[in-house]
Amino acid sequence: PPASPLLAPYLRDESASILAAYTSPDAPAAGTPQRKELVSRVEGHMFFYIHAMRLGWGSSVHAEAGGALRLMLAVQEDSDRELAQVGRMGLELCATSTHNPAVVTHLVDTAEDVHSTTDSWRVRSACLDFVREAGHTFGLHSELRGRCMAMVQEKGLLDPVPEVRQNASASLAGFLRMAGSEHIRSIIANAPKPRRRGGKAPGEGKTDEERAGMLVRRHAKTLGLAACVLSHPTELPEWMSDAVGSLCRLQGDDTMITAVVSKTVGEFKKSHQDVWDFVKTTWSEDDLQLLSDVSGTHSYYS
């Protein structure tokens, strides 16, 4: 049942009051008695939701969890990692313990709003974690799952902070596992073009800010390719050779790009050891040579 008429407004007001006190520029300094009192209040509020959801009373509090969700996200930036861990527990339960699409849609709205307004990369990363878990919980709800995947792909992959982009790539891989081949092929078709040797230096004539933006977009496309490859850790869909080949052609690119290529190709090799004979007999010689150039092993002739 929903929260009682008396409990619902209390939960909303309490969440708003605690969040305002916690995020205020005038919040108590670390180590002071006032700070300890505030942290205790924050923990108590989050634990109320955590225990309610663990005990099966989630339907009574989920509709009022928007404010608590903002608090759980805000504490991810706290230097007290135990407090942040309590917030992560609450986030996971909020994403996985409700079966009402309308409630989850509201919570995803909240996470998307926080993601678009916060300056903290840890909070943005936590928003992606929440959206990923919510999308997987409602894997059969195509509209909600598609919205969650779009947020990860369109906002997470283009985040200015590399750690958030990497988290988005890992999250996207899980969504692509459930996506159709057309969506995956569109990501492959949008792969970065390999740079020509001796060609014009990338970003020549651009400002530092413009060059940084170009690198972020190139890294995002590369991470999208990596997500395609890692989305099928044991199977070999028809598009796999195109995805791996597009990645391999980026070897020798910027250090950030090359790191993604090396790591993804290494993971691909490990997870496909059992079907390597099939790879060697079905992929083209050019694809196998590209893979060999990056990995140094398992060439067409090995």
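**Helix packing and buried residues**

Trainee: Is Gly 224 buried or exposed?

Mentor: Gly 224 has a relative accessible area of 3%, so it is buried. Please bear in mind that this is a predicted model.

Trainee: Where does Gly 224 sit?

Mentor: Gly 224 lies in helix 11.

Trainee: Which residues does Gly 224 contact, apart from neighbours within four places in sequence?

Mentor: With those neighbours left aside, Gly 224 is in contact with Leu 157, Leu 172 and Ile 187.

Trainee: Is Arg 218 buried or exposed?

Mentor: Its relative accessible area is 14%, and because the cut-off for burial is under 20%, Arg 218 is buried.

Trainee: New topic. How do the axes of helix 6 and helix 7 cross?

Mentor: The axes of helix 6 (residues 101-117) and helix 7 (residues 121-137) cross at roughly 160 degrees and come within 9 Å. Helix 6 and helix 7 are therefore roughly antiparallel to each other. The crossing of helix 6 past helix 7 is left-handed.

Trainee: Which residues make that contact?

Mentor: Helix 6 supplies Val 104, Leu 107, Val 108, Ala 111, Val 114 and His 115. Helix 7 supplies Val 123, Arg 124, Cys 127, Leu 128, Phe 130, Val 131 and Ala 134. Sorted by class, the contact of helix 6 with helix 7 has eleven nonpolar residues, one polar and one charged.

Trainee: How does helix 5 cross helix 7?

Mentor: Helix 5 covers residues 81-96, and its axis comes within 8 Å of that of helix 7, crossing at roughly 30 degrees. That angle makes helix 5 roughly parallel to helix 7. The crossing of helix 5 and helix 7 is right-handed.

Trainee: Which residues of helix 5 and helix 7 meet?

Mentor: On helix 5 they are Arg 81, Leu 91, Cys 94, Ala 95 and Thr 96. Their partners on helix 7 are Arg 122, Ala 126, Phe 130, Glu 133, Ala 134 and Thr 137. By class, the contact of helix 5 with helix 7 has six nonpolar, two polar and three charged residues.

Trainee: Turning to cysteines, how many disulfides are found in the whole structure?

Mentor: A search of the whole structure finds zero. Cys 127 is in no disulfide, and the nearest cysteine sulfur, in Cys 148, is 12 Å away. Cys 127 has 0% relative accessibility, so it counts as buried.

Trainee: Why is the sulfur of Cys 248 too far from the closest cysteine sulfur for a bond?

Mentor: The closest cysteine sulfur is that of Cys 228, and the two lie 14 Å apart, whereas a disulfide requires sulfur atoms within 2.5 Å. Cys 248 also counts as buried, at 5% relative accessibility.

Trainee: Last one: where is Asp 159 found?

Mentor: Asp 159 is in the loop between helix 8 (142-156) and helix 9 (162-176). Asp 159 counts as buried, with 3% relative accessibility.

Trainee: What is Asp 159 in contact with, beyond neighbours within four places in sequence?

Mentor: Leaving those neighbours aside, Asp 159 is in contact with His 115, Arg 124, Val 164, Arg 165 and Val 216. His 115 and Arg 124 also take part in the contact of helix 6 with helix 7.

How values were computed:
Residues numbered from 1 in each chain as written. Predicted model: local features only at pLDDT ≥ 70, side-chain atom pairs only at ≥ 80, totals over all residues. Heavy atoms only, no water. Axes fitted to C-alpha atoms, helices over the stretch in contact; angles between N-to-C directions. Helix = DSSP H or I, 4+ residues; strand = E, 2+ residues; numbered from the N terminus. Parallel < 35°, antiparallel > 145°, perpendicular 65-115°, else oblique. Left-handed = near helix turned anticlockwise from the far one by under 90°. Contact = heavy atoms within 4.5 Å. Nonpolar A, V, L, I, M, F, W, Y, C, P; charged D, E, K, R; others polar. Buried < 20%, exposed > 50% of the residue type's maximum accessible area, 1.4 Å probe, protein only.
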